[in-house]
Amino acid sequence: MDLVLRDARLAQRDGTLARVDIGIHDGRIARIGERVEDAARTIDIGGRLAVPGFVETHIHLDKACILDRFVPQHGTLDEAIAQVAAAKKAFTEDDVFARASRALERAIVNGTTHVRTHVEVDPGIGLRGLRGVQRAAAAYRWAVDVEVCVFPQEGLTNSPGSGELMREALAGGVRVVGAAPYTDPDPRGQIDRVFMLAREFDADIDMHLDLGDSPEHMDVEYVCEMTERHRYGGRVAIGHVTKLSLVPPEAYERIARRLADAGVGVTVLPSTDLYLMGRGQRHSVVRGVVAAHDLLHRGVNCSLSTNNLLNPFTPFGDCSLLRMANLYANVCHVGTREDMRECLDMVTARSARLLRLADYGVEAGKTADVVVLDSATPETAVAELSLPLYGFKRGRMTFSRQPARLYPP
Ligand SMILES: [Zn+2]
């Protein structure tokens, strides 16, 4: 073995926790057992929880960390889009690379080993954002795998040139195509075109959808219909869907069933949704965070993610997915041990399934992407925001930190 993680606490398939050694060789988990010997290096983790690396399914690296350029006045979606559209004109490839790198470093030290990042393409920014993000992805490949999704933030049917740039990106190897139909004068026209692009390039789909603080004009059922028509079940994800938190119970049940049947995954973005929603209200303010753990009970796969970081869409953030799980659990009244564990799954195994990562998990034979948390159980990790103490990517340590020490007099 190149490395043994001695005395790790590991969740088993039946939900129990076992204390085991994790043997790593040649970048993979070679053996898990009560005692694994013959290691070049051993790290005793003292019964702490080992989990697979966190998976960020939805983050905007190209427009991260620009709060020094614009200060949000109203905190609305329209303001955020307008401010970023203005700031974007000055983005250079080097600038995007530097900010994406900053964001990725924060993600790495918080335990993230996989990222799907949404990148804006339109005639204003061209492919500069994409190139800067791709450079950062290559620079940090030692610690995190980055997958890109290109999307037209400022509209597609109304923006001549955006579709061509998306095609160019997809032809160049981008594997995921995104959307933001609510910024398009013809939302369903945009959805149709995105499905056509996905079919043409055999790309997966990840749309921003139904972001708003009233339940009118929802596109979620149309996306389910298109997913079935194109036989794309399991390859479509939708993010935000804040309107789903506002529909009456009968409609909620119907839509949840449609999502489960069509195989459309849902990504909840608690920090952004809390920040942008309910801005027009002075009382009984809408929070707009969909109860993902309830959707899971109805057969919908869900993930929790960061979305935006230190920009007019979300002037907060540290790329900690554990913090996102804790925030979500708090806002959405998660209380049972099972649902608390689901919150951890929604930043690990469930996120991995949403991204269709086959080689994922702390199991013999899988790539050794492992994070050690200063916690003994999954539910306390979420409840107590336990610190990630070690991270490993393909078996190599990528970061470490010491737990705090007390110095009594
Ligand atoms: Zn987004």
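**Stop 1: the nonpolar cores**

Start with M207, I238, L244, L259 and Y328: within the largest nonpolar core, which has 107 residues, these touch the most other members. The model is a predicted one.

Next, select I29, A50, A368 and F392, which are among the 16 residues of a second, separate core.

**Stop 2: α5 against α6**

Select residues 187-201 for helix α5 and residues 220-229 for helix α6. How far apart are the axes of α5 and α6, and at what angle do the helices pack? The axes are 11 Å apart and the angle is about 25°. Angles under 35 degrees count as roughly parallel, and α5 and α6 are therefore roughly parallel to each other. Their crossing is right-handed.

For the side chains, show R188, I191, D192 and F195 on α5, which meet Y222, V223, M226 and T227 on α6. Coloured by residue class, this contact of α5 with α6 has five nonpolar residues, one polar and two charged.

**Stop 3: α6 against α7**

Is the crossing of α6 and α7 left-handed or right-handed? It is left-handed.

On the α6 side, select V220, E221, C224, E225, T227 and E228. On the α7 side, select R254, I255, R258, L259, D261 and A262. The residues of the contact of α6 with α7 divide into five nonpolar, one polar and six charged. L259 was also on the list at the first stop, as one of the residues that touch the most other members of the largest nonpolar core.

**Stop 4: A203**

Finish in the loop between α5 and β10 (204-209), where A203 lies. Is A203 buried or exposed? Its relative accessibility is 0%, so A203 counts as buried.

To see what surrounds A203, show L170, R175, V176, V177, A198, Y232 and R235, which A203 touches when residues up to four places away in sequence are not counted. Then place a distance label between the C-alpha atoms of A203 and G178: the separation is 9.8 Å, for residues 25 apart along the chain.

Conventions: Residues are numbered from 1 along each chain as its sequence is written. This is a predicted model: local features need pLDDT of at least 70, side-chain atom pairs count only at pLDDT 80 or more; totals for chains, interfaces and linings use all residues. Side-chain values use heavy atoms; hydrogens and water are left out. A nonpolar core is a set of buried Ala, Val, Leu, Ile, Met, Phe, Trp, Tyr and Cys residues joined through side-chain atoms within 4.5 Å. Buried means under 20% relative accessible area, exposed over 50%, partly exposed in between (1.4 Å probe, protein chains only). Axes are lines fitted to C-alpha atoms, for helices over the stretch in contact, and angles run from 0 to 180 degrees between N-to-C directions. Helices (H or I, at least four residues) and strands (E, at least two) are DSSP runs, numbered from the N terminus. Angles under 35 degrees count as roughly parallel, over 145 as roughly antiparallel, 65 to 115 as roughly perpendicular and the rest as oblique. A crossing is left-handed if the near helix is turned anticlockwise from the far one by less than a right angle, and right-handed if clockwise. Contact means heavy atoms within 4.5 Å. Ala, Val, Leu, Ile, Met, Phe, Trp, Tyr, Cys and Pro count as nonpolar, Asp, Glu, Lys and Arg as charged, and the others, Gly among them, as polar.
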